[in-house]
Amino acid sequence: MGKNILVVDDSALMRMVMCDILKADARFHVADIAKNGKEALDLLTKKKYDAVVLDVNMPVMGGLELLKQLQIQKIPARVMMASTDTREGAKVTLDALELGAIDFVHKSGNIKNNRTEEFQKNFRETLYAVASSREPTFARSVNLGRIKTEKKFVSMVRKHNIVGNKIVAIASSTGGPKALQAVIPKLPKELNAPVVLVQHMPVGFTKSLAERLDSLSELTVTEAREGEILQKGHVYLSRGGMHMNVSSDQRKSCIHYSDEPSREGVKPCANYMYESLINSPFDQVVCVVLTGMGLDGTEGIRNLKAKKQTFVIAQQENTCAVYGMPKGVVKAGLVNQIVELDNVAQEIIMNVGVK
């Protein structure tokens, strides 16, 4: 029998569509359905599922309220959100990821679009990654002592005067938005390098993620714009639906988007970002591979490392939601350092320094 799935949606038609998608794949078994968050909560207090497909807007109890109740009652559940493909849907999705959802798919208001082969494949693969992910942990309160320690650490690094023209290139996927909140806000505004970042997300979601990270961080985080010149202490997040590259000449490096087909099944693809840095003027590229399903990043880093001085940091397995992308670079023998998520920012600072 396949993974036991709980489907939660107030629309009978949408429930039918999702159940049909799952029933066509032997990896899944639709164990139960619920019409709202309260019905789902009742089921989750009695039964254990491999994953939950959760709608956002429902009567009686919505998806976000259910996630809050799971946190309060400490009921572990691997949740994939089924979010609408709107600007507001993107913001709500990020709220859901902060509340413990592992990943999401964005469904269309047009049922026909949810029956396409592309949607069905994405739905199944994302759900399988969620169902196979680590048991979720509950949100911890902010440790102010930890933040003060980071400040002292930055001061210590500044005294060592790390030199060189460097860039940080980060790749993340499933579990990435939450992982990035444990990395980007810990980087100081004086970071002595620009940061380019590919997070696998569809069109319309990356801008909201950039705004969320920017509100939490000292340095500036934006969705990267075509032709934008890279500046130190700035994080450039690739927009969804395009591949972000770094285009360079002898004087400057800037953002350039390309529209090749998906690679490794994703768009944006981090492999393109890494390979675009081969001919860049940077003395060293610090590559960071965080949680995510698939192998995006491995081929690009292999090609980059063959031509340019590169230092590769991979997230440690027991802190990943899905140990796919980090595992890829580790198995390929490309990694210089494997660290827990909480220590990734510190290692970035150690390698590039502060101004």
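User: How much space lies in the largest cavity?

Analyst: Happy to start there. Rolling a probe the size of a water molecule over the atoms shows where empty space is left. Here the model is a predicted one, where local features need pLDDT of at least 70 and side-chain atom pairs count only at pLDDT 80 or more, while totals for chains, interfaces and linings use all residues. Residues are numbered from 1 along each chain as its sequence is written, and side-chain values use heavy atoms, with hydrogens and water left out. The largest cavity holds about 30 Å³ of space. A cavity is a set of points, on a 1 Å grid over the protein atoms alone, where a 1.4 Å probe fits but cannot get out. Grid points are joined across faces, edges and corners, and the volume is the space filled by probe spheres set on the points. Searching the whole structure turns up 1 cavity of 30 Å³ or more.

User: Which residues line the largest cavity?

Analyst: The lining consists of L97, I102, D103, F104, S173, G175, P177, Q199, H200 and M201; a lining residue has an atom within 4 Å of a point. By class, the lining divides into 5 nonpolar, 4 polar and 1 charged. Ala, Val, Leu, Ile, Met, Phe, Trp, Tyr, Cys and Pro count as nonpolar, Asp, Glu, Lys and Arg as charged, and the others, Gly among them, as polar.

User: Let's turn to sheets. In what order do the 5 strands of the open sheet stand?

Analyst: Strands of a sheet pair through backbone hydrogen bonds, either parallel or antiparallel. In this sheet the order is β2-β1-β3-β4-β5, and the pairing is parallel. Strands are DSSP runs of E with at least two residues, helices are runs of H or I with at least four, and both are numbered from the N terminus; two strands pair if DSSP finds at least two bridges between them. Since β2 (28-34) and β5 (103-107) are at the edges, each with a single partner strand, one side of each is left without a neighbour in the sheet. Neighbouring strands are turned by 25° against each other on average, direction ignored. Helix α1 (residues 12-23) packs on this sheet, touching β1 (3-8), β2, β3 and β5, and its direction makes about 165° with that of β2. Contact means heavy atoms within 4.5 Å, and axes are lines fitted to C-alpha atoms, for helices over the stretch in contact, with angles from 0 to 180 degrees between N-to-C directions. Between β4 (residues 79-84) and β5 there are 5 bridges in the parallel sense, and M81 stands opposite F104 in β5.

User: And what is the order in the open sheet of 7 strands?

Analyst: That order is β8-β9-β7-β6-β12-β13-β14, again with parallel pairing. The edges are β8 (220-223) and β14 (337-339), each with a single partner strand. Strand β7 (residues 195-199) is joined to β9 (residues 234-237) by 3 bridges, with L237 in β9 as the bridge partner of L197.

User: Which residues are joined by a cis peptide bond, and where is V60 found?

Analyst: Most residues other than glycine have a negative phi, and most peptide bonds are trans. In this model a cis bond joins K267 and P268, with omega about 15°; P268 sits in the loop between β11 (253-258) and α9 (270-276). V60 lies in the loop between β3 (51-55) and α3 (63-72) and has a positive phi of about 70° although it is not a glycine. V60 counts as exposed because its relative accessibility is 69% (buried is under 20% relative accessible area, exposed over 50%, partly exposed in between, with a 1.4 Å probe and protein chains only).

Technical notes
On a 1 Å grid over the protein atoms alone, a cavity is a set of points where a 1.4 Å probe fits but cannot get out, and a pocket is an open set with protein on both sides within 12 Å along at least five of seven lines; lining residues have an atom within 4 Å of a point.
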